[in-house]
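Hi,

Here is the structure I promised to pass on. Have a look at it first, and then read my notes below.

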Amino acid sequence: MADQLVFNGDQAIAYSWKQINPDVVASYPITPQTIIVENFSEFVANGEVDTEYVCAESEHSAMSLCIGASAAGARVATATASAGLAFMWEVLWIASAMRLPIVMSVANRALSGPINIHCDHSDAMGARDTGWVQMFGENVQEAYDDSLMSFRIAEDMKVRLPVMNCIDGFITTHALEKFIPMETADVKKYIGEYKPVRPLLDLIHPTTYGPFTMNDYYFEHKYQIHEAMQAALPVVRSTLNDFGQRTGRHYDVAEGYRTEDADYVIMAMGSTAGTLRYVVDQLRAEGHKVGSVKLRLFRPFPYEDVAKLLQGKKGVAVMDRAISMGSTGPMFPEVRSALYDAKDRPKLVNYVYGLGGRDVRTDELVGVFKQLMDGSAKTMNFMGVRV
Amino acid sequence: MTTLKEMSKKEEKFTEGHRLCAGCAEPIVARQILLATDNPIIVSNATGCFEVSTTIYPFTSWNVPWIHSAFENASPTIAGVESAYIALKKKGKVKEDIRFISFGGDGATYDIGFQSLSGAIERGHRFMYVCLNNEAYMNTGIQRSGATGRGAQTTTCPAGTCIPGKKEFPKDLTRIIIAHDLPYAAQASPHNWKDMVEKAKKGIDANGPSFLNVIAPCPRGWRYDPALTVEMSRLAVETCVWPLYEYENGKYHLTGESKRIAEGGKEKRPIQDWLKAQGRFSHLMKPQWASVVEEIQANVNKKWDELIKLSQI
């Protein structure tokens, strides 16, 4: 096992790319992702990787370059955030429709307007229907681990879909933490040689990528992407299990913390999950039967796993770091849907919180538990906003 | 130089079965350009007539690797393919000496894909971008673009009682591209196949990005008899609406009929010949719009004089 390093989340992701040495990286700098491409530029400049590295003139072009490179037969990585992901939105669909295993790190950041550079999940939520597998990491270790696993998941022949690994902007991208990397030789063994499928560079078998399909075939193509996404769920699960055996770091698509005997549970994605465990310990010490759930995989959504963790509880609060204006947070309806067929449905409420990097304080999360326990929580609530 | 006879014996890279309109210039241009090289090629295509009509699933007219992603990104898409090629060639996984070509219409090139084309040229990707310029968004039913000529009527700049078609002159994209100081750029026309194929060969073999802007008459959008497509492209050159020239190693050269006109060996035809030949300009023949005709002629003269100066004739 390699020595511990002290990196921020962006550096850890760049480090994973250095170990993987992708054939092509095409990107555009955007806060709070920029450190990833800056670090990687240094690896390129110092000959530490032999990646063909392209600084595109926009995120739309960066993803278009990734699509061309991946279709040509290269292993491809990129990174973006916020407006950059929104600008890519059109071509995200094309990457998944061509079944290209592109891996993209997303430093979650709020969308304009007003312009804001801090964390929330609006960017990734805007891309939830684009046919990309979406994982959310909690800390620097998970940023690194998810980045490695993303390549395995994307390139699995049962999946062959692009994968987005998300970390919280500034909170995880810029905070220094200790983490344990894999040895580079082990990474190379773990990721393996890239095997392209029907690459454009195969001149013997010329392939037409991105043809025009009408109402006679389009639906089937979309259905196949959905099928692949469904197939991705067991692949993600087995990838996490395998990774646990290799590294001793055991992950799941949805992870419960002290949930077994809990009556009240708060569920969240990303860095908030760590804060939640602290709050759970605090309240447990006071004798409250509380627990928390961290959702790692948002697409495909692990409905059964979520239902198993939450059914039978008295109350569950779903924390959404994004909002669908005029509706609720985007995770809430998913969890509600997961629990609809459950035998023993908990009272389920939604909290929208932390938009634009608004601090997530432990006393506020204690407050959410208290509202959940005393029944004062409404169906939809806001944590930390002045109203 | 390859002769037509030799070209006709080469294996077609772009084949039959496409559904482009009768009289469309695009397949004429594309076939000849693709036959200009013996190197293997990979093609990217912007959304538009040419893409839609040549790859209606489950059929394809392409005998070479081909990719279409979206409307505005044919350049970065082929740049990605080229980047993968460089990476994999370095690793010994690709052996062949491959060339890369992008096709886009004028909407994809002058307008929506302009930024991404400029970026790809600035970064020096080795590919040839071919603009199939039919001077409007023909695929969506004839809407104005930055390439549409002054006075032309389209569905978004109709000839009304107050406004006679497009109010603006077209963007001089070729010279904007030349401002990138790229190795090779040219304007061509399908009526002069030899000139066009020679330029394509130079562009394909250029050691960096190259740009070929080809006038591609559209009988539907321009309103003329589909049998006259090649004639129409000749008229564009003979009226100096579409001068044939190239930019090579930092120098401008007029070519073909344009060179002969500049040297006094051929007559420059009046703009009326161009306007009268096409239904899209028919409203300009009314006396009330005579000044517009004069403006168009004046602009053609101005651009032509500039080009002569640049070409040092």
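This is a predicted model: local features need pLDDT of at least 70, side-chain atom pairs count only at pLDDT 80 or more; totals for chains, interfaces and linings use all residues.

Chain A splits into domain 1 (5–247) and domain 2 (254–383). Their centres, taken over C-alpha atoms, are 28 Å apart. Where they touch, domain 1 of chain A puts in 26 residues and domain 2 of chain A puts in 20 residues. On the domain 1 side, helix 5 (122–126), strand 6 (133–136) and helix 8 (218–247) of chain A each give at least two residues.

**A helix pair in chain A**

Next, look at helix 3 (residues 59–72) and helix 4 (residues 82–97) of chain A, which pack at about 25 degrees with their axes 7 Å apart. At that angle, the two helices count as roughly parallel. Their crossing is right-handed. Helix 3 of chain A makes the contact through A:Glu59, A:His60, A:Met63, A:Ser64 and A:Ile67, while helix 4 of chain A brings A:Gly84, A:Phe87, A:Met88, A:Val91, A:Leu92, A:Ile94 and A:Ala95. Sorted by class, the residues of this contact are eight nonpolar, three polar and one charged.

**A six-stranded sheet in chain A**

Chain A also has an open sheet of six strands, in the order 10-12-11-14-15-16, with mixed pairing. Strand 10 (254–257) and strand 16 (380–383) of chain A are its edge strands, each pairing on one side only. Ignoring direction, neighbouring strands in this sheet are turned by 25 degrees against each other on average. Strand 10 of chain A pairs with strand 12 (residues 290–295) of chain A in the antiparallel sense, over four bridges. To find the spot, look for A:Tyr257, whose bridge partner in strand 12 of chain A is A:Ser292.

Helix 9 (residues 272–285) of chain A lies across strand 10, strand 11 (264–268), strand 12 and strand 14 (315–320) of chain A, at about 170 degrees to strand 12 of chain A. Helix 11 (residues 331–340) of chain A lies across strand 11, strand 14 and strand 15 (347–353) of chain A, and runs at about 150 degrees to strand 14 of chain A.

**Where the chains meet**

Between the chains, 39 residues of chain B contact 37 residues of chain A. Helix 4 of chain B gives the largest share of the chain B side, 13 residues. That side of chain B is made up of 22 nonpolar, 13 polar and four charged residues.

Which order do the strands of the nine-stranded open sheet follow? It is 9(A)-2(B)-1(B)-3(B)-4(B)-6(B)-5(B)-7(B)-8(B), with mixed pairing. Strand 9 of chain A and strand 8 (251–254) of chain B each have a single partner strand, so one side of each has no neighbour in the sheet. Two bridges link strand 9 (residues 208–209) of chain A to strand 2 of chain B, and these strands run parallel. There, A:Tyr209 has B:Ile67 as its bridge partner. Further in, strand 3 (residues 99–105) and strand 4 (residues 128–133) of chain B also run parallel, joined by five bridges. B:Ser102 stands opposite B:Tyr129 in strand 4 of chain B.

Cheers

Definitions and conventions
Residues are numbered from 1 along each chain as its sequence is written. Chains are lettered from A and ligands numbered from 1 in the order in which they are written. Axes are lines fitted to C-alpha atoms, for helices over the stretch in contact, and angles run from 0 to 180 degrees between N-to-C directions. Angles under 35 degrees count as roughly parallel, over 145 as roughly antiparallel, 65 to 115 as roughly perpendicular and the rest as oblique. A crossing is left-handed if the near helix is turned anticlockwise from the far one by less than a right angle, and right-handed if clockwise. Two residues are in contact if their C-beta atoms, placed from the backbone, lie within 7 Å. Ala, Val, Leu, Ile, Met, Phe, Trp, Tyr, Cys and Pro count as nonpolar, Asp, Glu, Lys and Arg as charged, and the others, Gly among them, as polar. Two strands pair if DSSP finds at least two bridges between them. Domain bounds come from an automatic or database domain assignment.
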